Amino acid sequence: MTQENNTEQTTQSLEFGASCTSPVFYRVAVPSPLRRAFDYLPPKVGALAAQPGTRIRIPFGARKVTGVILDIVTETDVPPAKLRHADSVLDAAPLFSPELLALLRWAADYYQCPIGEVFAAALPARLRAGESIEAAQERWRAPQNEASKQEQDAACSLLSRSPRQLALYTLLLNNGPAPTADILTAGFGRPMLRKLQERGLAECLWEQPAAKGAFDPNNSLGDSQGPPLTLNADQSGAVAAITAKPTTFDCFLLDGVTGSGKTEVYMRAMAQQLSLGRQCLVLIPEIGLTPQTIARFTERFRCPVVALHSSLNESERLSAWARARDGSAGVVIGTRSALFTPLAKPGILIIDEEHDSSFKQQDGFRYSARDLAVMRAHAEGMPIVLGSATPSLETLHNALVGKFRHLRLPHSTAVMPRAAIELVDVSEKPLQEGFSEAALTRLKQHLDNGNQCLVFINRRGYAPVLNCTTCGWSFECNDCIAQMTVHRTPPRLRCHHCGVSVALPRICPHCKSATLDTVGLGTQKAESFLQRQFPNTPVIRVDRDSTRGKEGLSNALARVEGGEPCILLGTQMLAKGHHFPNITLVIILDADGGLFSADFRGQEQMAQLVTQVAGRAGRAERAGEVLLQTKHATHETLQALSNESYAQFSQRQLSQRKLASLPPFAHLALLRVDAPDPASATHFAETAAQLSVQLSKDPRLAVDLIGPMPAPMEKRAGRFRVQLQLKSERRGRLQDHLNYLVANLDQVKLPPRLRWSVDVDPQDMI
Ligand code: ADP
Ligand code: ZN
Ligand code: ZN
């Protein structure tokens, strides 16, 4: 609960200055880990623009920071002597609409996150740093009035005696229009820009002509698509439903198998919104936001399309954000945090691959972008579409109980029927480096027929374990309870949990024998094995190690798109949205880990992954085959995926979740504690558990408590981890319980270096 809601303390009003106007105070979200807002007096001058949603510069302790005004109020419980004036109001108009502001405040409460951290997550770094949004859109270039080569040369000789100015002129000539911030970062000052401007060698422009305002709704569609596709009946039905009431909230689950044309449905609904002059916000999983995805939208729509993703620099990010906010961008595509981008004319929200775990932030402000998206659409009065071939059980449940409208696209648009998943029982068969005889034979057949194959391994590196065959010693990370993974290129032992790496040892540190051997299979080992088996076929590896560079993934995908026979080998990076029309065989080496996971979502995640990977086969005119190697061929989950479908699997999982009273039939929160020593972590978790038990004595606050218990991964990066699970079938009750619990825990004095956090609706229990 934030301080502002605390009515128990006496409130006192304060006369502001000697004027007769009633006093006002700004209630401000300040970047600070404290779970409350702070009150300030208006600045001594320039308070006129202040409104909820504008940023202000304020003194905070000894620092100056940028905060966001949440409310303008007439009473405060801060004693007059402690109240300070804000320095200045930074924005001429609010950055956030009242609806978005309310959503962010709600999210801070719901996810038990300090309000200042929520706003920090919602603002681009440049705005967080206090830069003005107008200046951020300023660009500089060398004059473009057909400056001939001679004129440029003349300018250069004119500047020959001031090498810095010459360097700046050259920069503008070659890289303009360049954002002011980038020029400052390159080491040139504003005075120098002005000098060049006076000499007529630099001109200032604005990124986006504000006067022009929004994009042209009558001209928002591109023409590079050729004749539009004729929608099939399922697609038409879906489009009709989504477009029926374009300016009203409604939530749709677009449940369509891979290749069923979901994107086409999104684009029809988006076209409608654009023609109404409204904007579209599309959220995509982190791995899915590739240049190919963006190209699909820029080809279709003529209006400006902006993308918000991790490889933008800060001025690009701010520029995209500003164009969403001022309405000049018609389509905004981004990953999780793009959800908070203000839209001048919100039209429709689309969440592609809604089941993807990257929509849940795992640290700091632990929000679910999918869940908040539904709230946002509701607050701003627009339709929202959640699309997936493998909907999460939460979303499916909402569709089944009628909260969301369930739109199905059960057929692929490809000519060939979908590939069934064939189980290969490897429980009693010898494997060569993880491959069964059947898998190798099938690979050869498909390659001989001139086709491409995909091999899926959910483990990067060379091998998961390095073992001594003499004494049985295996290499664990010093800082985690986890085995170190063997990497060959470069040769190191790496911990995938904390990132530590050490040189690959040659002899066993325990018994000194030179009998170290790798156990298990990673992508690197599989790559060298397959390359030996099929020396004339390119083996293309795609995992986080092979795609480090900016172009790594695109290059690998371009090679596959070339169409030559090849083996595409990789981790779950391959399971997201890419089209591989020539792949006819998919081999999943091992999914058994997901069958017996400690996490109750283990089977759901495994089923999604297997279904998504299987969906890569036979997308075009060629029939596909999918082999799944398993030691548990009779397991009911694998049987369901093989003989039935994801839909039937998920129905069955839902009934099991119901019996076990697990999400979506109950609501969870996880209190995580970690510290360098196990005793203090456990002690704090016990304190929290006692508080929780006390609270549960009040029937309005009663929740189920599990723990304290060690986290599934007991030690990570040198810290011991303990957790407490809180559960209730009533969301409101769990929320109330958490509000009190967190307020109490905030008062507990913490031992040095102990950290705790609350994760509401946790996505993974690790
Ligand atoms: P999804 O997003 O459901 O996996 P896509 O929207 O990417 O599927 O569509 C898969 C392929 O089918 C694309 O190449 C798309 O152009 C094509 N497609 C979509 N709708 C139709 C249609 N009605 N007729 C023919 N091809 C279509
Ligand atoms: Zn040994
Ligand atoms: Zn480690």
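**Reading the ligand and zinc sites**

Mentor: Let's begin at ligand 1, where one oxygen atom lies 2.9 Å from a polar backbone atom of Lys-262. Keep in mind that this is a predicted model.

Trainee: Which side chains have polar atoms close to a nitrogen or an oxygen atom of ligand 1?

Mentor: Look for pairs of N or O atoms. The side chain of Gln-235 has a polar atom 2.8 Å from a nitrogen atom of ligand 1. In the side chain of Arg-296, an N or O atom is 3.0 Å from an oxygen atom of the ligand.

Trainee: How much of the accessible area of ligand 1 does the protein cover?

Mentor: On its own, ligand 1 has 560 Å² of accessible area, and the protein covers 74% of that.

Trainee: How many residues surround ligand 1, and which are the closest?

Mentor: There are 17 residues around it, the closest being Thr-230, Gln-235, Gly-259, Lys-262 and Thr-413. Helix α10, which spans residues 262-275, gives the largest share of the shell, with 3 residues.

Trainee: Now the metal. Which residues coordinate the zinc ion (ligand 2)?

Mentor: For a metal, find the donor atoms first, then look at their angles. Here the SG atoms of Cys-468, Cys-471, Cys-508 and Cys-511 coordinate the zinc ion at 2.2 to 2.4 Å. The angles among these 4 donor atoms run from 105 to 111°, and the site is tetrahedral.

Trainee: How are the donor residues spaced in sequence?

Mentor: The pattern is C-x2-C-x36-C-x2-C. Cys-468 belongs to strand β18 (residues 465-468), while Cys-511 sits in the loop between β21 (501-503) and β22 (516-519), so this pair ties together parts 43 residues apart in sequence.

Trainee: Is Cys-468 buried or exposed?

Mentor: Cys-468 is buried, at 2% relative accessible area, whereas Cys-511 is partly exposed, at 28%.

Trainee: Which peptide bonds are cis?

Mentor: Check omega, the angle about the peptide bond. Pro-663 and Pro-664 are joined by a cis bond with omega of about 5°, and Pro-664 is in the loop between α21 (646-660) and β27 (667-675). Another cis bond runs from Gly-707 to Pro-708, with omega near 5°; Pro-708 is part of strand β28 (residues 704-716).

Trainee: Where does Glu-353, with its positive phi, lie?

Mentor: Glu-353 is not a glycine, yet its phi is about 55°. You will find Glu-353 in the loop between β13 (346-352) and α13 (369-380), and this residue is buried, with a relative accessible area of 11%.

Terms used. Residues numbered from 1 in each chain as written. Chains lettered and ligands numbered in written order. Predicted model: local features only at pLDDT ≥ 70, side-chain atom pairs only at ≥ 80, totals over all residues. Heavy atoms only, no water. Donors = N, O, S within 2.8 Å, 3.2 Å for Na, K, Ca; no water. Tetrahedral: all angles 85-135°; square planar, octahedral: opposite > 155°, others 65-115°. Helix = DSSP H or I, 4+ residues; strand = E, 2+ residues; numbered from the N terminus. Buried < 20%, exposed > 50% of the residue type's maximum accessible area, 1.4 Å probe, protein only. Near = heavy atom within 4 Å. Polar contact = N/O pair within 3.5 Å; in protein donor to acceptor, adjacent residues only side chain to side chain. Areas by Shrake-Rupley, 256 points an atom, 1.4 Å probe, with all protein chains shown as cover.
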